[in-house]
Amino acid sequence: MIYEIIVGGKTGGKIHRLELAKAAGGWECLLDGRTVNIDAIIPRRDVLSLLVDGHSYEIKREQTSADLHLWVGSARFAVEMRDPRSLRSRQKPAGDEKGPMKVLAPMPGRVVRLLVAENSEVELGQGIVVVEAMKMQNEIKSPKKGLVKKLSASPGAAVNPGDVLAIVE
Amino acid sequence: MFKKILIANRGEIAVRIIRACREMGIATVAVYSDVDRAALHVRKSDEAYPIGPAPAAESYLRMDKILDVAKRCGAEAIHPGYGFLSENAKFAQACADAGVKFIGPTPHSMKLMGSKTRARQQMEKAGVPFVPGTSRGLDSPEEGERVAERVGYPVMLKAAAGGGGKGMRLVHSQQELRSALESAQSEAQRSFGDSEVYIEKAIVNPRHIEMQVLADEHGNTIWLGERECSIQRRHQKVLEEAPSPIVDPDMRRRMGEIAVKVAQAANYTNAGTVEFLVDEQKNFYFLEMNTRLQVEHPVTELTTGLDLVHLQIHIAAGEKLPFAQADVTIRGHAIECRIYAEDPDNNYFPSPGKITVLLQPSGPGIRRDSGMYEGWNVPMDYDPLLAKLIGYGTDRHQAIMRLERALYEYFVAGIKTNISLFLRILGDADFQAGKLDTGYLDRLLAKANPAVASLAPKPEIKAMESIAAIAAGMFAVLDPASSISKNGGGSTDSSKAPTVGSSWKRQGRSEGLR
């Protein structure tokens, strides 16, 4: 198993190359070309107990549909994993996407109002709809500069994370 | 003493009050909305009754339904907690009319403190220092200009009925005053149905420090020390501590005495909080009085050794305060972190949803008042406060270190929380030096959100990065069921539903198809 792992966020994060192979009684681990002696178990969901040369670490995994964070002790790292064989999984810079892009509800809530009309021009980061959850109103912004092709959100409607609110092209 | 108390609230505060009642041998009655059937306060109470649909206006704010439950189940008193109906004088009156004891002040005191201008007039008479300005609504822009000239710019325009920053405007010069007044008045009219707006001198970079008071129904009023509440965002407190890093015993006594004067001027009974603005020269000014139990009351409980909810119930039952001012001593230091369901990676958007994993801290000097549990679905209809984590120590440094240790143990998965924010605050040099004001948190958040939130020194973080990389791989190979590559996609199409099959293959396909 070979992974490319970016630790520390999309910008400025460092890329590590990790090779893992099953070996007698455990795992063989090669990190950035160096052999590391490890032992790992998952004592419960989203918790990893990792021994590295006798040093004990408890790692907790915070995973949502949007991103992955790992807590190593009291340090929280943004982590991203890639398959190095897939060139297409390389990150494209935000706002520079070609073609239509969906504007998705980031959380469950209720649509309060629409800030733009269908077929209007929007800038990158311009508010498109307002969704209310937990007594707070949140502007959902355009992922790119372009034309609002479709506006599927309607005021008063309940939305779930991942629901398409609009499509910008 | 009461035999049965109804708790007209939900979440952590309802659980906290239920605990106090159980400790006192009092039966508890919970009320709940349709989405709160599985909430912790319903599970922990002796009786529980539904009061309507999810929106608070149709359930937790329905006085008639709540009083109806109280009558039917024979509750002798109602504890309103904070928020919802807690500062509603009409509700307190309705309770009195129904012969149910409202655990809090009288409707008269609540009404007086509910109007900022009326409170100012009353306090002026009592000789309480407040921010220079008017104690009445402005009749004309000219009057506003005259007062502003006298107290000096910048000035603050505030709605008399205001709260939460609504109907509030900061004005730097005479040119801005007229239009700011008009917009503040119309916003006040829209938000509160009352366009009364008054003016006061704006305190630059103030601290927000409040004083806890307790008053029984026999004329005894005492103060229990201050809480530093300057760490706020969007007029919402995030972290509070007692004592304040800048208040010495003499200032504490002076603030306490003023707070007692404020309470007495309003014929106040039960627990209350007098809020002060404190300027850079440590002058303090009366701001307003909160006529309820505060969210942050635990830091006062830990530093005084008192249980405020027990005392509230004893006072409401007509008992005298069991101790005098001279018996109150402040010992040690306590800091509270408000754990909110908010996404630190997405501008602190609310993050309701199902809690899939919950690991909770404990151990010396740690108190946790929580309304959540593993497997619970946090509803989107209410305030995002999930729990309060309070650290107590011999001194401020120990309290900070204990909290850091407890945050290390705290883990919530399934939804996002602001737990990592507290590591940023606790590790910040200004916070550690006690250099706080109400703009502190906005300034901290304006700095780039570090990809790594930690108190650990840099070289250690470097080593931890490698550990994180190894851990990511080990999670992937040991727990392949949970797809690892959901997060590897485009930055905007961020909510792909988890599916079965090879994540890599699926990832490749979805990327290829875009």
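Residues are numbered from 1 along each chain as its sequence is written, and chains are lettered from A and ligands numbered from 1 in the order in which they are written. Because the model is predicted, local features need pLDDT of at least 70 and side-chain atom pairs count only at pLDDT 80 or more, while totals for chains, interfaces and linings use all residues.

**Domains**

Select chain A and colour domain 1 (2–88) and domain 2 (101–168) separately; these bounds come from an automatic or database domain assignment. The C-alpha centres of domain 1 and domain 2 of chain A lie 35 Å apart. In chain B, select domain 1 (4–103), domain 2 (132–201), domain 3 (207–446) and domain 4 (458–513), where the C-alpha centres of domain 2 and domain 3 of chain B are 30 Å apart.

**A helix pair in chain B**

Next select α4 (89–98) and α5 (107–114) of chain B, helices that pack at an angle of about 175° with their axes 8 Å apart. Helices here are DSSP runs of H or I with at least four residues, strands are E runs of at least two, and both are numbered from the N terminus. Axes are lines fitted to C-alpha atoms, for helices over the stretch in contact, and angles run from 0 to 180 degrees between N-to-C directions. The helices α4(B) and α5(B) are therefore roughly antiparallel, a term for angles over 145 degrees. Show A89(B), A92(B), Q93(B) and A96(B) of α4(B) with P107(B), M110(B), K111(B) and G114(B) of α5(B), which make the contact (C-beta atoms, placed from the backbone, within 7 Å).

**A sheet and its helix**

Move to the open sheet of 3 strands in chain B, ordered β7-β6-β8 with antiparallel pairing; strands pair if DSSP finds at least two bridges between them. Its edge strands are β7 (169–171) and β8 (197–201) of chain B.

**Backbone details**

Select Y153(B) and P154(B), joined by a cis peptide bond with omega about -5°; P154(B) is in the loop between α7 and β6 of chain B. Finally, go to H235(B), which has a positive phi of about 60° although it is not a glycine. H235(B) counts as exposed because it has 11 C-beta neighbours inside 10 Å, the cut-off for exposed being 12 or fewer other C-beta atoms, placed from the backbone, within 10 Å.

Terms used:
Parallel < 35°, antiparallel > 145°, perpendicular 65-115°, else oblique. Contact = placed C-beta atoms within 7 Å. Buried ≥ 20, exposed ≤ 12 C-beta atoms within 10 Å, placed from the backbone.
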